[in-house]
Structure formats: C-alpha cells, structure tokens
Amino acid sequence: MKIEDLKKLKSNDLQVPRNTYLVPIKKFNDFDKGEMFWLKRFENQKAVLFRTRDGLEYFLTEENLKYFKLTGR
C-alpha cells in the first residue's frame with residue numbers, strides 16, 4: 001500500500017463520513033496480527049495510527065504499511 005493511495009482513501013472516508021482502520025497482516029515488532037488501528041492523519045509522508053490497546057500514536061512509513069491492510073470497508 002502506498003501513502004498517496006491511503007491519503008485518497010482517508011480523504012474519501014472523511015467526506016462520507018467514516019473512520020479508516022488498518023490491521024497488521026502478521027505479527028511484527030510489538031503489533032499483533034489483526035489488532036485494529038485507527039488512521040488519524042498524515043505527517044511528513046507518514047501515516048499516524050492510533051492504537052486503542054495503549055492509547056498511543058504510531059508513525060508508519062510507506063515501508064511499514066506493507067504489513068497492514070484496510071479493514072471494516
């Protein structure tokens with residue numbers, strides 16, 4: 001998944017309105033497969049995801065986005 005494609009989806013979701021959610025497709029770092037993250041915004045070509053488990057924001061590069069997929073669509 002590319003950052004630019006994700007930006008377009010987020011923009012569309014804001015118009016509908018609906019939230020944009022991503023889940024990891026496999027366990028990596030401290031992220032569990034299937035754990036839901038809310039896409040909040042973008043900063044400096046990075047996606048800012050909110051993790052409900054710990055209430056923190058995570059910055060993901062386009063390289064890390066390959067481990068995620070959209071969900072709830």
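This briefing describes salt bridges in the structure shown above, with attention to a group of charged residues that includes Arg 53 and Glu 35. The model is a predicted one, and 14 salt bridges are found in it. Side chains of opposite charge can pair when their charged atoms come close.

**The network**

- A network of salt bridges links Lys 27, Asp 30, Asp 32, Glu 35, Arg 51, Arg 53 and Asp 54.

**Pairs made by Arg 53**

- Arg 53 forms a salt bridge with Asp 32, and the closest N and O atoms of this pair are 2.7 Å apart.
- This pair links distant parts of the chain, since Arg 53 lies in the loop between strand S3 (46-51) and strand S4 (56-60), while Asp 32 lies in the loop between strand S1 (21-24) and strand S2 (37-43), 21 residues apart.
- Arg 53 also forms a salt bridge with Glu 35, where the closest N and O atoms are 3.7 Å apart.
- Here again distant parts of the chain are linked, with Arg 53 in the loop between S3 and S4 and Glu 35 in the loop between S1 and S2, 18 residues apart.

**The pair of Arg 51 and Glu 35**

- The side chains of Arg 51 and Glu 35 meet in a salt bridge, with an N to O distance of 2.6 Å.
- Arg 51 belongs to strand S3 and Glu 35 to the loop between S1 and S2, 16 residues apart, and the pair links distant parts of the chain.

**Buried and partly exposed residues**

- Arg 51 is buried, at a relative accessible area of 1%, and Glu 35 also counts as buried, at 12%.
- Arg 53 is partly exposed, with a relative accessible area of 48%, and Asp 32 is likewise partly exposed, with 26%.

Definitions and conventions:
Residues are numbered from 1 along each chain as its sequence is written. This is a predicted model: local features need pLDDT of at least 70, side-chain atom pairs count only at pLDDT 80 or more; totals for chains, interfaces and linings use all residues. Side-chain values use heavy atoms; hydrogens and water are left out. A salt bridge is a side-chain nitrogen of Lys or Arg within 4 Å of a carboxyl oxygen of Asp or Glu. Helices (H or I, at least four residues) and strands (E, at least two) are DSSP runs, numbered from the N terminus. Buried means under 20% relative accessible area, exposed over 50%, partly exposed in between (1.4 Å probe, protein chains only).
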